[in-house]
Amino acid sequence: MAEPRVIIVGAGPAGVRAAETLVAAGLRPTVVDEGRRDGGQIYRRQPEGFARSSAELYGTEAARAEALHATFDDLRPKIDYRPGHLAWNVADGHLHVVHDGSAEALPFDAMIVAAGATDRLMPVKGWQHAGVYSLGAAQIALKSQGCAIGRRVVFLGTGPLMQLVAAQYRKAGAQVVALLDTSRLWHQIRALPKLVSRPDVLAKGVGLAASHLLAGTMVRRGVTPVEIFGDADGGVSGVGVRLVSGRDLRLACDAVALGYHLRPETQLADLAGCDFTFDAATRQFWPVIDEDGRSSVPGIYLAGDGVRIQGADGAEIAGQLAALAVLADRGRSAPTEQISRLRQQRRAMERFRAGISEAFPWPHHLAAGLAEETVVCRCEGITAGELRAVVHDKGADEMNRAKALSRVGMGRCQGRYCGHAAAEVVAAATQLSPAVVGRLRGQAPVKPLAIRTRRAAP
Amino acid sequence: MSPLQPRFVRLAETDRPTVTIAVDGASVEALEGDSLLVAVLTRAGHLRHSEFGPEARAGFCLMAACQDCWMWTHDGDRLRACDTPVRAGLSVLTQPPDMPWPNRV
Amino acid sequence: MSEPFRTDVIVVGGGIMGAAAAFFLRRRGKSVALIERALIGQQASGTNFGNVRRQGRFLPQLPLANRSRDIWGRLNELIGEDAEFLASGHLRVTYDDEMTARIETYARDALPYGLDLQIIGGNRLRERFPFLGPEVRAGSYAPHDGHANPRLAAPAFGRAARREGASVFERTEIVAVERDAGMFRVEAADGRVFRAEQLMIAAGAWGNRLSEQFGEPVPLVTHGPQMAVTEPIPYALEPVLGVSTTKLEETVYFRQVKRGNIVIGGAARGPASADTQRASVKPENTLLQFTQITRVVPALARLNIIRVWSGVESYLPDDIPIMGPSAKVPDLYYAFGFCGHGFQLGPGVGDVMAELISTGQTTTPIEPFSIARFASAPA
């Protein structure tokens, strides 16, 4: 039997472990990655010429990051590594990539998509101002470029990443004005039975939360974001929230790191035709997978945070499982014991994932209360009022129709950053469940594609 | 904050060779390994203006996903500032070049 | 089961043809039920390029196109909503002398139909449209043609029809259509029954499934338009641009909307399925469009596309639609299979069909589009 052609999209923890597993089985997979260097976002390698140590960059995860980087360095001669390649479309058994203005169609028998995650966002009035960044962005500025996003930074939102990045900022010498968290302590306490499935990670999280208090950083839980103040030219000047007590709190700052945990990057899965299902707990559509990462489409496998937000450790397991599924489905012998051990580990990761989403819930209720003038779609400048108007005046009770009539999600980012919130706005306005309102259909290209792009010479 | 005031603050890795680029015609000292976004925002408050609102924009996700940080070259080419590394002599604009774009080749 | 829903006319299919017909039928005092399987204007009507172009059409179609163009010009006052119609002008360019001769002939032949085309060549063309590439030889400029937003037009007609008193049924799948005792009976999947004296089938790519039930099958095939749109850039490209050519891969067209995005189409057709109701853009077609549009306007190379889309369009072998009365069944009317050029015609088709259905005749000639032309074709 001919050696199957396997493509892995993404060189983060899931992609690297998938590649390692395939190479161990004697295959030579193609690894397509948009980044210039491996590691993904979580274990992002800083540019050449930067001098910080792994401990400085990755903290408690330094050993895991180093191990992943070392594995990948060893794999380099054994794989077809395509850094700086954007996977912009998938059709008819080919992954379409573009690199340096040159387009290629890569045929595959199996494809493992490990495309990672981006921040999950709920708009707040004023979030279009310069100086408002996603939490992920705040971390990348520091990790990859040694910069803080401003002099006085407010962290607004919820989720483990907020706790982590605020701590990293403080450690690096930035002024952290406050952590304004929409979640409540009882959310976290209620989630403990699930969170204990990974006691070590739970302990790190508790330690992070404690570190903010020990450092005297202002932490407020259960806040309702009201407005990010600022002006058109100068950008952000402050943040206003309503506290649990009902009192308003206004803080001056020149930067805001905003985010409500993460969402999987599912565009390629969508373009490949994978079935999606609505997850009621996190109120989002995500691709259907089995416990090894098989999607509904034969030959398409999904792994890592690009399908379920299980974090870097979970992604390493998911990458191995997806690769083993590819091998099993291609008729290679399956290491039964290894698979069952990985599945067991993955179940703990999945339990923890569910715990995290309960501990730091997506604040969907905020959508109903967004002031009419709040920008929902940053790309197109579409407000909550304009979106509600197409619901009320034009009967748009389905997400793609709301998009067609209002332009929400029609901009350069294709609804990555407003899609979930826009669905909640429509759901609140129609009194329907977001499961009924639906999701923005994926449309190529996954990222903007230069018209200069030409087919690579064969 | 004034638009001329730098937005980003360098906290580490400041010991790199400098590279000179131009932003709206003015020389800007950047460091080797900077992204274009970081090079501009350590000297200024924004990268561009929104097409559909009054506000200046300074990027949002820094990972090539949100598409908020597209700048212009003098020839009318587009550059995504967060994943474009600086190189000596790079010259960018925070708004479209004056000449109507379709007449440029 | 509840009583049948009773109207003078049933219109099956809520594309721009059906929605506009429902609107104009109400204007003529007919009671109307407009039945749409999904949402108004979702398939070909909502996903096409948005050309409001008359030039280049089959000459006998020009009276209909003219009538439609007249409606486009007063659409806002007529239906009370804006579909972003812009009489921006429309320029079809050529790459060689043969095609230049053809557009000259066409301009002469179209003149009696009231179409005032300007053939422009050489330096004058470049002075006027300095963004054209070096391969462009000549152009045929139609000052009164333009473009509109397909995402908005059909739904706007649907709402206007409803405001005029039409009963609009979205998300209503039809399972049976028949005529008995001088009345049409239409049954929906959920059991609802509609009855009317007259029936208009405007079901686009699904029109044949219904005409077949009345013994009038037609050789309808489906394709998907290959559309793309750029990021927004300052508005500077006024006319709609297209290429006049005999080579399919050269037939690109594009237009810039006032907000700044440039909508691109052509060069190829993609797969579309009436069964799954899905159509897609082949990645290689997107790349082919890049090569072709930059021949027309080289500066487009500096831009990025941000989205592609398609929809289910229907085509007939002679590349003209089916429009007019049934050749077999009294009080049955058809308007479907517009072969990828129906958007501009939509409002006019609605107006003409309403006239035909309510008066039995039409002042605009539509004989060439009769379904009778396929009567002897094998099913």
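In this predicted model, helix 3 (residues 62-73) and helix 10 (residues 346-359) of chain C pack with their axes 7 Å apart and at an angle of about 105°. That angle puts helix 3 of chain C roughly perpendicular to helix 10 of chain C. On the helix 3 side of chain C, the residues making the contact are L64(C), A65(C), R67(C), S68(C), I71(C) and W72(C). What they meet in helix 10 of chain C is G346(C), P347(C), G348(C), D351(C) and V352(C). Sorted by class, this helix-helix contact in chain C has six nonpolar, three polar and two charged residues.

Elsewhere in chain C, E170(C) sits in the loop that links strand 8 (167-169) to strand 9 (174-180). Leaving aside residues up to four places away in sequence, E170(C) touches G14(C), E36(C), L39(C) and I40(C). As for Q198(C), it is 28 residues from E170(C) in sequence, and the two C-alpha atoms are 20 Å apart in space.

Turning to chain A, the chain splits into three parts: domain 1 (6-118 + 263-356), domain 2 (121-260) and domain 3 (366-437). Between the C-alpha centres of domain 1 and domain 3 of chain A there are 31 Å. Where these two domains touch, domain 1 of chain A supplies five residues and domain 3 of chain A supplies four. The domain 1 side of that contact in chain A comes to one nonpolar, two polar and two charged residues.

Helix 14 of chain A, spanning residues 399-406, is mostly covered, with seven of its eight residues buried. The buried set in this helix of chain A is M399(A), R401(A), A402(A), K403(A), A404(A), L405(A) and S406(A). What do the buried residues of helix 14 of chain A pack against? Within chain A, their partners are strand 23 (382-383), helix 13 (384-394), helix 15 (419-430) and helix 16 (434-437). Chain C joins in too, through helix 2 (44-47) and helix 7 (150-163). Just past the end of helix 14 of chain A, R407(A) takes a positive phi of about 80°.

Chain B has one helix and eight strands. Read from the N terminus, the elements of chain B follow the order β-β-β-α-β-β-β-β-β. The radius of gyration of chain B is 13 Å, close to the 13 Å that the globule rule gives for 105 residues, so chain B is as compact as a globular protein of that length. Along the principal axes, the C-alpha atoms of chain B fill a box of roughly 45 × 30 × 25 Å. Of the 105 residues in chain B, 44% are buried.

Notes:
Residues numbered from 1 in each chain as written. Chains lettered and ligands numbered in written order. Predicted model: local features only at pLDDT ≥ 70, side-chain atom pairs only at ≥ 80, totals over all residues. Domains from an automatic or database assignment. Contact = placed C-beta atoms within 7 Å. Nonpolar A, V, L, I, M, F, W, Y, C, P; charged D, E, K, R; others polar. Helix = DSSP H or I, 4+ residues; strand = E, 2+ residues; numbered from the N terminus. Rg over C-alpha atoms; globule rule 2.2 N^0.38 Å. Buried ≥ 20, exposed ≤ 12 C-beta atoms within 10 Å, placed from the backbone. Axes fitted to C-alpha atoms, helices over the stretch in contact; angles between N-to-C directions. Parallel < 35°, antiparallel > 145°, perpendicular 65-115°, else oblique.
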